[in-house]
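Look through the sequence and the structure before reading the points below.

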Amino acid sequence: MTVLPLAADAARFADRIRLRSLRMIAPHGFGYLGQALSSAEIIASLYAGPYRPARDDLVCSPGHYMIAFYAAAAEAGLLDEQELATYGHDGSALEAIGTERSPAVDLTCGSLGQGLSGAVGFALAHRLAAEPQARVFSLVSDGELEEGQVWEAAMFAAHHQLGSLTVLLDANDSQVDGQLSSITTIEPIADKWRSFGWTAFDVDGHDVNALEDALATAVEDPRPAIVVGRTSTVHGLAALPEGADGHFIKLPEDVAEAATAELEARLA
Amino acid sequence: MRNPPYPTVLKPYGQALVKLAQERSEILCLTGDLTRQCEIDLFQEALPERFIHAGMAEANMVGMAGGLARRGYLPFVHTFGVFATRRPLDQIINAVAYPSLPVRLVGFMPGISSPGGPSHQAIDDVALMRAVPNMTVVDVADAVEIERALPAITHVPGPVYLRLKRGEIPVIFDDDHEFSLHSAQVIEDGDDIALIASGMMLSAALAAAAELRDAGIGTKVLNVPVVKPLDEETVLEAASGVRAVVTAENHTVIGGLGSAVAETLAGAGLGRPLRRLGLQDTFAEGAKSAPSLFRRYGLGTQDLIDTAWTLLGAPGTAPRAAPAPSTPGEYAPV
């Protein structure tokens with residue numbers, strides 16, 4: 001039974017993603033928590049907004065973000081929450097980096113920059129099969145914009161007016177080696193996509209109202225659309241130390257306990 | 001040679017590259033967003049003016065390396081083995097290998113040493129690079145070989161793929177170990193079976209050999225750090241002196257060391273029963289740690305012992321391998 005949250009609950013849904021992700025990471029002492037913290041509102045807005053699992057396709061291009069989708073799917077009643085406890089352990093289908101066995105999404109890939117092409121394929125498939133109601137949502141990370149394949153997909157989608165396609169870009173300015181902006185200049189992000197023929201929105205990625213407004217407009221636009229969400233990999237958890245590694249957070253027991261208490265108090 | 005448990009060291013490659021680059025000003029260091037993981041944070045600190053951050057853009061990184069090499073530089077390109085070989089394969093072929101330029105592709109985290117799932121496991125990098133004309137393929141076993149191999153590969157006129165373990169690097173060989181790009185080495189001798197290994201599988205081959213010898217089986221161990229060009233003469237000599245051959249590689253059995261040995265034996269008309277240990281044409285899913293993957297996919301010391309035992313038709317049950325010592329500091333997939 002799918003229980004999708006009401007739009008007004010999106011902010012709470014986001015914190016539930018944070019808490020569930022924290023509980024998956026804590027037993028390991030490290031992991032991809034920053035990805036869940038930065039994308040929580042973006043994914044929550046999708047579930048609270050236009051995404052219909054039975055009808056639409058959902059793509060998580062950066063496989064390291066799967067933790068947030070496992071959490072969201074459990075929260076929405078689409079994944080047995082008992083399974084979350086197996087995250088990252090031997091034999092589990094819930095691998096830290098997404099695989100072909102990953103639940104909760106229609107496509108993911110641990111080799112970055114490939115998801116948008118798959119999403120374009122889904123959008124084409126819906127057009128060929130005459131399924132005008134079906135939509136395709138793809139989470140893409142800003143780091144992936146360094147890969148050329150993303151721009152090949154962007155050009156194709158605009159040329160073919162794949163209006164059923166919506167990209168949610170997590171612009172958290174984080175990659176393995178540090179701040180994205182210190183390594184490659186990807187700005188102006190929204191203008192780049194506009195110049196490629198997309199409709200683009202540039203919003204605070206932790207503001208669920210701004211995200212929901214942008215998404216509602218995006219899905220009505222006949223062009224492919226991108227919602228750029230400006231985010232932080234430590235958002236919503238004051239318990240994390242200053243300068244925590246956004247790509248791969250170390251989470252000693254005391255920090256994990258403090259972080260859990262903080263989120264539980266906020267959700268109480 | 002040392003005895004197990006082998007001591008380990010950190011960043012032997014990173015240190016050796018800095019030392020080499022301080023002597024040779026044409027050496028450049030390129031990174032694809034995995035700087036610390038590829039040990040080249042040391043280079044970034046020591047020689048920042050020759051450190052180039054290409055971002056997460058492997059095709060462009062390899063194409064640039066080709067251009068730099070055409071203008072006299074010696075580019076060392078760094079990322080994980082998967083991303084070094086799969087993503088920019090066409091660029092490796094056209095921008096580097098066809099013009100036979102001295103670009104060094106350095107791929108970390110080989111085979112199933114990564115618990116990061118199939119997208120992060122370089123299980124086919126040796127096969128891909130072996131198939132490319134002009135390419136030299138090196139898969140070293142320990143820190144001593146890394147230190148020796150690095151200066152050696154600078155003298156290769158064409159491109160080189162260097163496959164390196166990530167994290168704690170074992171020290172298996174003594175300081176006076178001789179490394180050559182042209183010869184494989186018989187490091188244990190025996191006349192019943194030959195275990196032929198490369199890279200991370202050498203220590204398992206040595207452990208298996210010890211158990212087999214104790215059980216009365218003459219076991220030869222051949223270390224093959226250079227998979228291409230293969231030292232065929234030593235391989236044939238080793239195989240002709242035993243009754244059966246087992247190869248061991250942290251890689252798919254298709255196209256890597258096992259294939260190279262099989263081609264060599266067949267080409268020479270030397271008939272010996274051969275078994276190839278490695279990934280049996282499969283992706284490796286679902287693990288928290290590398291050791292569990294090595295066990296599940298049949299790349300352990302016990303697998304080598306059992307394979308040799310069965311292949312020779314030895315009587316009774318095969319000896320049991322001593323449990324592998326736990327490796328501290330297992331790294332995360334990243």
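**Buried rings and nonpolar cores**

Phe13(A) has a relative accessibility of 5% and so counts as buried, the limit being under 20%. The model is a predicted one. The points below take the aromatic pairs and then the nonpolar cores.

**Aromatic pairs in chain A**

- Tyr47(A) has a relative accessible area of 1%, so this residue is buried.
- A pair of aromatic rings is described by the distance of the centres and the angle of the planes.
- Over all chains, eleven aromatic pairs are counted.
- One of them is the stacked pair of Phe13(A) and Tyr47(A), with 5.6 Å centre to centre and 25° between the planes.
- This pair links distant parts of the chain, since Phe13(A) is in helix 1 (residues 10-25) of chain A and Tyr47(A) is in helix 2 (residues 33-48) of chain A, 34 residues apart.
- Phe13(A), Tyr47(A), Tyr51(A) and Phe137(A) are linked into a cluster by ring pairs.

**Nonpolar cores**

- The largest nonpolar core has 80 residues, of which Tyr13(B) and Phe43(B) touch the most other members.
- Helix 8 (residues 202-214) of chain B contributes seven residues, the most to this core.
- Domain 1 (11-170) and domain 2 (185-310) of chain B both give residues to this core, so the core lies between them.
- Beyond its neighbours within four places in sequence, Tyr13(B) is in contact with residues including Cys38(B), Phe76(B), Val106(B), Phe108(B) and Leu164(B).
- Another core, of 60 residues, lies apart from the largest one and includes Tyr32(A), Tyr51(A), Ile67(A) and Ala68(A).

Terms used
Residues are numbered from 1 along each chain as its sequence is written. Chains are lettered from A and ligands numbered from 1 in the order in which they are written. This is a predicted model: local features need pLDDT of at least 70, side-chain atom pairs count only at pLDDT 80 or more; totals for chains, interfaces and linings use all residues. Side-chain values use heavy atoms; hydrogens and water are left out. A nonpolar core is a set of buried Ala, Val, Leu, Ile, Met, Phe, Trp, Tyr and Cys residues joined through side-chain atoms within 4.5 Å. Buried means under 20% relative accessible area, exposed over 50%, partly exposed in between (1.4 Å probe, protein chains only). Helices (H or I, at least four residues) and strands (E, at least two) are DSSP runs, numbered from the N terminus. Domain bounds come from an automatic or database domain assignment. Contact means heavy atoms within 4.5 Å. Rings of Phe, Tyr and Trp (its six-membered ring) pair if their centres lie within 6.5 Å; planes under 30 degrees apart count as stacked, over 60 as edge-to-face and the rest as tilted.
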